[in-house]
Amino acid sequence: MLPGTRKIRIGVMGLGIGRWHIENYLAIPEAKVAAICDSDEEKLKTAVIRYGITKAYANYEELCQSDDVDAVSICAPNHVHASVAVHALEHGKHVLCEPPVSISTAEGEKVLETVNKYPDLKAMMAMKLRFSKDAVCLKTIIENGELGEIYYGFTTHLKQPAGIPKSGSWVTRKKLSGGGSLMDNGVHFLDLIWWLMGCPTPVEAFGATYSIFGSHSKGSTGDFDVEDLALGIVKFENGASVMFDNGWAAMVHKEATGMRLCGTRGGATLWPFQICYAENGVIVSKTPDLPRINSENQFRHFINCILDDRQPIPTIGQGVTVLKMLDAIYRSAEKGESVAV
């Protein structure tokens, strides 16, 4: 770091996945974790000792109002994401928010309205999959027109039943999480494939949800009212469509993760990463040279956006659009028919 370079002071709210945020910020010379917050006193004490952070708060209002903090990482349970984001922005803090941006589209719109009131503040969704080398490489290939127009996408992420979250945690209670596997993991996969396709405007969705293993999970206390598997189809204004499934629990041989994009000139898969196209009337495939791809992770990107005064790649507005697609999937599952997004 050059002499005189400003350090961005981070406050991390929520010490579950927030510990991962802390460890990533500690690896960035231009960042300093200045404060942490959690309602669990033991988690606070442990983090203070482990990371040497002296400012510790029991509620997010104090963290957001602190003069020792420039930016806030929101890693708390889903149902408080919106209120923390709004409070942080109103007190002059940049925001990195774990998805979803909220558990309702109305709350999400309120966050977006607040973001628009403070254009000098950076507000970013923590969409980690967008920053992997293969995703960055594929995005460049698509934007260069090598695959032509992308008209169809498919993604899957299914785990075996043993990996289902323990019943009774906030993750398995709809009023706190907003949903199950779709809100937890599905949000990342839907966001990635939508972003790779150029973020087309969603117009219609069909979905179905299942809770086959959740109510019987180990340690169940009855507090499991979310899905353990969801599937959906989303149609976009430009005629393209996406189909996906995502589950905490399914009878699969092993964890299944994949993504496919079909274009008018070529196609691509992720996990494994391959590009295919027609050459002399024959379909051929290749694997791009990933070591040559420069990719900053989401934390470095967030810090750089603050320092360089540039717009983050995953915006809050995009987070709201993804939330609208998720909401439509849930509404469709309830009605048993397709719905408008």
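**Before you start**

The model is predicted, so local features are described only where pLDDT is at least 70 and side-chain atom pairs only at pLDDT 80 or more, while totals for chains, interfaces and linings use all residues. Residues are numbered from 1 along each chain as its sequence is written, and side-chain values use heavy atoms, with hydrogens and water left out.

**Stop 1: the whole chain**

Show everything as a cartoon. The protein has 10 helices and 15 strands; these are DSSP runs numbered from the N terminus, helices being H or I with at least four residues and strands E with at least two. Its radius of gyration is 21 Å, close to the 20 Å that the globule rule gives for 341 residues, so the protein is as compact as a globular protein of that length. That radius is taken over C-alpha atoms, and the rule is 2.2 Å times the number of residues to the power 0.38. Along the principal axes, the C-alpha atoms fill a box of roughly 65 × 55 × 35 Å.

The protein exposes about 15,500 Å², with carbon and sulfur atoms supplying 50% of it; accessible areas come from the Shrake-Rupley method with a 1.4 Å probe, and for residues only the protein chains shown count as cover. Buried residues make up 51% of the 341, where buried means under 20% relative accessible area, exposed means over 50%, and partly exposed lies in between (1.4 Å probe, protein chains only).

**Stop 2: the six-stranded sheet**

Select strands E1 to E6. They form an open sheet in the order E3-E2-E1-E4-E5-E6, with parallel pairing; two strands pair if DSSP finds at least two bridges between them. At the edges are E3 (55-57) and E6 (123-125), each pairing on one side only. Zoom in on E1 (residues 8-13) and E2 (residues 31-37), which pair in the parallel sense over six bridges. Gly11 stands opposite Ala35 in E2.

Contact here means heavy atoms within 4.5 Å, and angles run from 0 to 180 degrees between N-to-C directions of axes, which are lines fitted to C-alpha atoms, for helices over the stretch in contact.

Follow the chain on from E5. A cis peptide bond joins Pro99 and Pro100, with omega about 0°. Pro100 lies in the loop between E5 and helix H5 (105-117).

**Stop 3: the nine-stranded sheet**

Next, select E7 to E15. Nine strands make an open sheet in the order E14-E13-E12-E11-E7-E10-E9-E8-E15, and the pairing is mixed. Its edge strands are E14 (282-286) and E15 (339-340). Four bridges join the antiparallel E12 and E13, and Ala268 stands opposite Ile275 in E13.

H8 lies across E7, E9 (229-236), E10, E11 and E12, running at about 150° to E10.

**Stop 4**

Most residues other than glycine have a negative phi, and most peptide bonds are trans. Select Trp271, in the loop between E12 and E13. Trp271 has a positive phi of about 60° although it is not a glycine, and a cis peptide bond with omega about 10° joins Trp271 to Pro272. Trp271 is partly exposed, with a relative accessible area of 29%.

**Stop 5: the core**

Which residues touch the most other members of the largest nonpolar core? Leu138 and Leu196 do, in a core of 70 residues. Such a core is a set of buried Ala, Val, Leu, Ile, Met, Phe, Trp, Tyr and Cys residues joined through side-chain atoms within 4.5 Å. Helix H8 (residues 181-196) gives the largest share, 10 residues. Show Leu138 with its contacts: not counting residues up to four places away in sequence, they are Leu147, Leu196, Leu261, Ala268, Leu270, Phe273 and Ile275. Apart from this core lies another of 24 residues, including Val12, Ile22, Ile53 and Cys75.

**Last stop: Asn246**

Finish in strand E10 (residues 241-247), where Asn246 is found. Is Asn246 buried or exposed? Asn246 is buried, with a relative accessible area of 1%. Among the residues it touches are His157, Ser181, Asn185, Phe189 and Asp228.
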